[in-house]
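Take a moment with the picture first.

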Protein chains: 2
Amino acid sequence: MSAKMIRYYEEIGLIKAARRANGYRDYDANDVSVLQFIRRTRDLGFSLEEVANLLALWRDRKRPSRDVKKLASQHIEDLERRMRAMRAVVRTLKTLADHCHGDERSDCPILDDFASAPAKKAARKHAHA
Amino acid sequence: MSAKMIRYYEEIGLIKAARRANGYRDYDANDVSVLQFIRRTRDLGFSLEEVANLLALWRDRKRPSRDVKKLASQHIEDLERRMRAMRAVVRTLKTLADHCHGDERSDCPILDDFASAPAKKAARKHAHA
DNA sequence: GCTTGACCTTCCCATTATGGGAAGGATTAG
DNA sequence: CTAATCCTTCCCATAATGGGAAGGTCAAGC
């Protein structure tokens with residue numbers, strides 16, 4: 001975690017840092033664990049806005065665990081949605097690549113598709129290809 | 001595809017647009033197919049930089065299809081890499097969520113993990129948890 | 001005690017792809 | 001002719017991060 005990011009997190013209000021007399025930032029053990037929390041949640045793909053919500057839940061020790069689980073579940077669903085979309089794209093690209101010679105010849109079904117397929121998704125379910 | 005984006009694509013040199021006498025942009029059938037090409041490749045997750053490369057290959061009708069296939073394959077691998085990472089995150093989050101009551105009680109293994117897991121990936125293979 | 005290097009600070013800029021909105025000119029409908 | 005609509009350019013904002021300049025501070029060496 002870069003110093004730049006720590007300053008940025010402070011700027012957007014995610015963390016508050018005490019300063020020493022000389023203006024240098026000073027982090028106690030608690031500040032450090034907040035930073036680790038941020039690092040961990042960022043690594044798990046939560047946006048900084050979501051991290052802020054999770055931090056709030058973490059700090060409020062009386063909140064129902066349901067609230068936390070809900071945020072986590074929503075994030076899981078978001079990731080799964082995005083993975084489904086990516087998988088569809090990969091399928092399409094693999095099909096195209098499979099039909100491309102991939103040699104010295106210049107004709108290429110990949111570019112042919114890029115140049116001509118409006119790809120309306122639902123409409124393409126019954127399109128010819 | 002918004003007018004804003006068309007202007008932006010022109011600005012970064014992806015497309016060139018003829019102007020009418022009054023300064024209005026004018027797109028002929030060829031310009032439109034370039035725009036459709038961009039739309040299609042963007043929908044398939046290529047970055048604008050990659051789109052520019054693909055467009056160059058498209059315009060150079062003598063390039064070997066191998067070059068096109070290579071770009072497509074790299075993009076597929078990139079997507080698969082990202083999907084693997086996301087899948088790992090989803091697995092982790094699901095495990096955490098499974099162990100969370102998700103009710104009125106406040107204790108929550110999800111936040112406990114966020115607060116304590118440095119998650120060193122390789123190092124964690126043998127970590128205690 | 002002073003110099004030097006390492007580290008800290010703030011401030012500004014760039015990135016990627018997109019949208020919002022203002023100010024003003026062109027065209028078209030009535 | 002006027003009013004609405006469409007076009008233009010220009011500036012700003014977004015999310016999360018990095019780069020780098022200009023300047024203050026601290027610690028080590030002599």
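## A salt bridge between the chains

In this predicted model, Arg40(B) pairs up with Asp113(A) in a salt bridge, with the closest N and O atoms 2.8 Å apart. (A salt bridge here is a side-chain nitrogen of Lys or Arg within 4 Å of a carboxyl oxygen of Asp or Glu.) The interface of chain A and chain B holds 6 salt bridges by that rule.

The side of chain A that touches chain B draws most on H4(A), which gives 19 residues. Helices are DSSP runs of H or I, at least four residues long, numbered from the N terminus.

## How much gets covered

Between chain A and chain B, about 4,600 Å² is buried, and carbon and sulfur atoms give 67% of that. Buried area is the accessible area (1.4 Å probe) that two parts lose on being put together, summed over both. On chain A's side, Arg40(A), Leu111(A) and Phe114(A) lose the most area to chain B, together 15% of what that side buries.

## Meeting the DNA

What sits around DNA strand D? There are 15 residues, and Lys4(A), Asn22(A), Leu48(A), Arg7(B) and Arg25(B) come nearest; a residue counts as near if one of its heavy atoms lies within 4 Å.

Residues are numbered from 1 along each chain as its sequence is written, while chains are lettered from A and ligands numbered from 1 in the order in which they are written. Local features need pLDDT of at least 70, side-chain atom pairs count only at pLDDT 80 or more, and totals for chains, interfaces and linings use all residues, while side-chain values use heavy atoms, leaving out hydrogens and water.

Terms used: Helix = DSSP H or I, 4+ residues; strand = E, 2+ residues; numbered from the N terminus.
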